[in-house]
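Subject: Handover of a structure

Dear colleague,

Please find below the structure that I am handing over to you. A summary of the findings follows it.

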Amino acid sequence: MAQASEQVTAGAQSARDFFYIGGEWAKPATDKRFNLVNAATEEGLGSVPEGVEADMDRAVAAARHAFDHSGWAQTSGPERAAIMNRFADELEKRAPQIAPTVSSQNGMPISLASQFEAGFPILMLRYYAGLAEGLQDEEERTSPIGQQAIVRRTPIGVVAGIVPWNFPATLAMSKIGPAMAAGCTLVLKPSPGTALDWYFVAEAAEEAGVPPGVINWVPGDRAAGAHLVAHPGVDKVAFTGSTAAGRKVAQVCGEALRPVTLELGGKSAGIVLDDADLDATIPGLQFASLLNNGQACLASTRILAPRSRYDEVVDALADMARGLSVGDPMDESTQVGPMASAEHRDRVLGYVEKGKQEARCVAGGGRPGKLDKGWFVEPTIFANLDNNATIAREEIFGPVLVVIPYDDDEDAIRIANDSEYGLGGSVWSADHDRALNMARRVETGSIGVNGYNISIGSPFGGIKSSGIGREFSQETLAGFQQMKSIYL
Ligand code: NAD
């Protein structure tokens with residue numbers, strides 16, 4: 001096992017001067033490079049080539065060729081499933097490298113990276129392989145007046161997958177899994193901030209015998225991403241990122257009438273009901289609201305607390321925030337690591353300063369004094385504000401929570417729904433049924449009852465400015481397929 005790990009590391013490292021296009025480690029069109037920096041130490045992690053338009057063109061051509069001519073789109077579901085399961089096996093061998101590579105780039109605590117970035121993509125691949133096994137290309141249907149038809153499903157074509165830096169491997173696999181299961185080919189564009197981890201995934205795909213051109217990787221900046229989205233050789237765009245970028249992607253896809261799924265930002269509500277047991281609630285809420293140092297789209301970052309217990313909830317959250325272990329993301333005991341970049345740290349601190357004008361800062365409020373290196377922000381709690389404050393309305397994407405008081409359950413629902421976003425959320429109560437009924441009324445794509453745990457078997461995605469379409473679950477496959485009715 002150790003030896004295999006060393007070998008795969010060496011392979012991925014020697015590949016770092018190339019992209020993966022058409023089943024080959026392909027030479028970049030230019031000598032432009034991205035420099036990667038360790039979020040905790042600010043030391044260099046090395047550099048990788050930066051994809052430009054010409055590289056994207058080659059990747060789309062390879063994906064196009066594989067889709068149109070390689071026979072991949074015509075393989076049976078079980079044949080694709082066998083390749084996907086081998087891919088998952090190869091990924092499992094590389095899991096020990098993937099988790100620390102992600103953590104060093106974006107500051108994700110290693111305990112979370114091992115669970116998500118190293119573990120979840122494997123689970124996803126196997127899940128989608130299972131769906132591919134059971135795929136039926138054609139289904140016979142009879143209408144209410146007896147007309148016979150065949151409904152035929154075919155893969156949609158070449159998919160452009162664009163992902164951010166916060167969960168790079170997991171989010172890439174949320175595109176790769178359903179696309180492969182459906183018989184599509186892909187061009188994946190990792191974010192410049194996390195341009196190291198995909199080498200392990202690409203190497204696993206190659207080793208597993210994923211046919212040439214089925215998945216192509218080219219990291220690039222926004223301009224390279226925009227070129228990919230607008231490329232005439234692309235049939236569908238699967239985008240995860242900010243709402244601002246999502247709107248631009250949607251405009252381009254709208255003009256081209258190109259199918260697009262958009263997984264965007266959030267500002268979700270964590271509703272603490274008046275009967276909640278805070279000893280049980282606070283640890284769960286910590287995970288749901290501060291996951292990945294708060295760099296999570298689905299985090300419950302607006303905590304709604306009953307006015308009758310407001311001070312008690314604020315104090316409990318402030319104690320929790322002060323007690324978190326902030327530091328080296330490679331340390332298993334670390335709960336909060338650094339922000340992914342200096343620029344992002346400054347953006348989060350800008351919101352903290354804004355918050356000090358709008359609310360009362362009861363915990364944190366700056367950079368941790370004991371850490372002189374790394375892009376850290378203290379876990380920060382703001383109280384005594386209402387839902388109209390900027391820090392209550394805009395996505396901060398850092399370890400910053402606001403605690404907003406409400407009068408009764410109706411008021412809690414009103415405040416929860418008074419948001420431009422609708423992605424995640426959570427309800428906390430000693431009474432499961434009461435919490436469940438509240439959860440039913442929150443306008444959002446997903447919500448947890450006394451916890452928030454994403455499930456691969458259930459659709460995940462947003463409403464309002466949090467996006468269009470869903471990922472995970474069997475429902476996702478339809479977004480990677482075309483349907484044709486043949487009337488008999
Ligand atoms: P971002 O929008 O700046 O970038 C995301 C990706 O899109 C990057 O790869 C970037 O290079 C690319 N990109 C940016 N502009 C583009 C354009 N016009 N055309 C094509 N590609 C473009 O976001 P980020 O800062 O990398 O990530 C954080 C954001 O992602 C947050 O808003 C977060 O909520 C969101 N996010 C959403 C989900 C979800 O599932 N809903 C998951 C994770 C992150």
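Which residue in S6 does Arg-141 stand opposite? The residue is Ala-149. Before the wider picture, please note that this is a predicted model, in which local features need pLDDT of at least 70 and side-chain atom pairs count only at pLDDT 80 or more, while totals for chains, interfaces and linings use all residues. Residues are numbered from 1 along each chain as its sequence is written, and side-chain values use heavy atoms, with hydrogens and water left out.

The strands S5 and S6 (residues 148-155) run antiparallel and are joined by five bridges. They belong to an open sheet of three strands, in the order S5-S6-S22, with antiparallel pairing; two strands pair if DSSP finds at least two bridges between them. Its edge strands, each pairing on one side only, are S5 (138-142) and S22 (481-487). On average, neighbouring strands of this sheet are turned by 25 degrees against each other, direction ignored.

As to the protein overall, its secondary structure comprises 14 helices and 22 strands. Helices (H or I, at least four residues) and strands (E, at least two) are DSSP runs, numbered from the N terminus. The C-alpha atoms fill a box of roughly 65 × 65 × 45 Å along the principal axes. The radius of gyration is 23 Å, which agrees with the value near 23 Å for a compact globule of 488 residues; it is taken over C-alpha atoms, and the globule rule is 2.2 Å times the number of residues to the power 0.38. Buried residues make up 57% of the 488 residues, where buried means under 20% relative accessible area (1.4 Å probe, protein chains only).

Among the helices, H3 (residues 77-106) and H4 (residues 110-133) have axes that come within 8 Å and cross at roughly 175 degrees. Axes are lines fitted to C-alpha atoms, for helices over the stretch in contact, and angles run from 0 to 180 degrees between N-to-C directions. H3 and H4 are therefore roughly antiparallel to each other, a term that applies to angles over 145 degrees.

Finally, Thr-261 lies in strand S11 (residues 260-263) and is buried, with a relative accessible area of 12%. Leaving aside neighbours within four places in sequence, Thr-261 is in contact (heavy atoms within 4.5 Å) with Lys-236, Val-237, Ala-238, Phe-239, Ile-468 and Gly-469.

Definitions and conventions. Parallel < 35°, antiparallel > 145°, perpendicular 65-115°, else oblique. Buried < 20%, exposed > 50% of the residue type's maximum accessible area, 1.4 Å probe, protein only.
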